[in-house]
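Me: I would like to learn how to read the arrangement of helices and strands in a model such as this one. Could we go through it feature by feature?

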Amino acid sequence: MKHTSKRYNAYSNYLKNKYGCKVYKLPINLPITCPNRDGTIGVGGCIFCGEEGAGFENLSDTLTVTEQLTRNREYIKKKYGAKKFIAYFQTFTNTYMPLNKFQSYVLEAASVADIVEIAISTRPDCINEEYLSFLAEVKKNKRVDISIELGLQTVNYHTLKKINRGHTLAEFIDAVIRIKRKGFETCCHLILNLPWDDELDVIETAKILSALKIDSVKLHSLYIMRDTVLGDMYQRDEIKIISKDEYIKRVITFLEYLDPNIVIQRLIGRAPEENTLFVNWNTSWWKIRDEIEERMAVLDTFQGKKFDYLNGKAVKILNNTLRAK
Ligand code: SF4
């Protein structure tokens, strides 16, 4: 891990080191769906999923990929002085569409100026060799990096069932192994405050992602939309959301157990306010991020502080003890 002023391996620094300049993600919104909504795997989707399919700050899906990328690119260039960009296929399940459609969308994105990477957001049960092989060709022929973002949310497979994910931990592990075989980076999306999870689940999640050598993570706190199964449960008082303070503690615990080489894309997500019953304890996401960073400084802790459980921890302790004698 490179030394930064942050106590965790921040994505902005990682991108700057990798590409030599500021790099921003440009979201792409396509008129597609998800197998957990259309009846193939499940109906209604994950219990927290709203109509936008986990994306809400996007341009209309009636615009072409090129139109969406160029509009957003010009805006971000002016606002933040970014020079290079990642085309981010963000909404719904982007590898759950016919292969020929997927190919044409991805090739279109790869041809837009200043795109250095294509990030594909999808589900662990939609990682298929044909799609991965096509992406490997794009990487070689178009000279763009490829990364795959997988929603997992938690490693607790009992909770995965409760939130109606439609897949278990096993499919996630299989997907990561397949993606890594092709040499693409993998990012994992997590929600650290699912009502059925506790601190142990958070620690186990950090340990499993470290053992799998995932490349990056995106942390979100649970937001609750009106007219969702979760929203109804919340209104009936059937679930409890932990406090902001407890969420901050969980994020820090997660980071302490996480391999310090894993990049942190975000510590807390943004969420739409419209139609939302609960979001980020009515606090701006960046204030919570700042609080997490400040707390880490006060505790003098950092990502990977407790990362000593891989490569035979017991044997390491035994030999250190013997050497000390
Ligand atoms: S996998 Fe994503 S798009 Fe599909 S139902 Fe769950 S949150 Fe919604």
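Me: Is the crossing of α7 and α9 right-handed or left-handed?

Reply: Please keep in mind that this is a predicted model. Two packed helices are described by the angle between their axes and the distance between the axes. Here the axes of α7 (residues 199-211) and α9 (residues 244-257) come within 8 Å and cross at roughly 30°, and the crossing of these two helices is right-handed.

Me: Which residues of α7 and α9 make the contact?

Reply: On the α7 side the contact is made by E199, V202, I203, T205, A206 and K207, and on the α9 side by R250, T253, F254 and Y257. Sorted by class, this contact has five nonpolar, two polar and three charged residues.

Me: In what order do the seven strands form the open sheet?

Reply: As a general idea, strands of a sheet pair through backbone hydrogen bonds, either parallel or antiparallel. In this model the order is β1-β2-β3-β4-β5-β6-β8, and the pairing is parallel. The edge strands are β1 (23-28) and β8, each of which pairs on one side only. Neighbouring strands of this sheet are turned against each other by 25° on average, with direction ignored.

Me: Which strands does helix α2 touch where this helix packs on the sheet?

Reply: Helix α2 (residues 65-80) touches β1 and β2 (84-89), and the direction of the helix makes about 145° with that of β1. Helix α6 (residues 169-181) also packs on the sheet, where α6 touches β4 (145-153) and β5, and its direction makes about 175° with that of β4.

Me: How many bridges join strand β5 to β6?

Reply: Five bridges join β5 (residues 185-191) to β6, and the two strands run parallel.

Me: What joins β6 to strand β8, and how many residues of β6 are buried?

Reply: Three bridges join β6 to β8 (residues 263-266), and these strands run parallel; V217, for example, stands opposite I264 in β8. Strand β6 (residues 216-220) is mostly covered, with four of its five residues buried. For reading side chains, the general idea is that in a regular strand they alternate between the two faces of the sheet.

Definitions and conventions:
Residues numbered from 1 in each chain as written. Predicted model: local features only at pLDDT ≥ 70, side-chain atom pairs only at ≥ 80, totals over all residues. Buried ≥ 20, exposed ≤ 12 C-beta atoms within 10 Å, placed from the backbone. Pairing = 2+ DSSP bridges. Axes fitted to C-alpha atoms, helices over the stretch in contact; angles between N-to-C directions. Contact = placed C-beta atoms within 7 Å. Left-handed = near helix turned anticlockwise from the far one by under 90°. Nonpolar A, V, L, I, M, F, W, Y, C, P; charged D, E, K, R; others polar.
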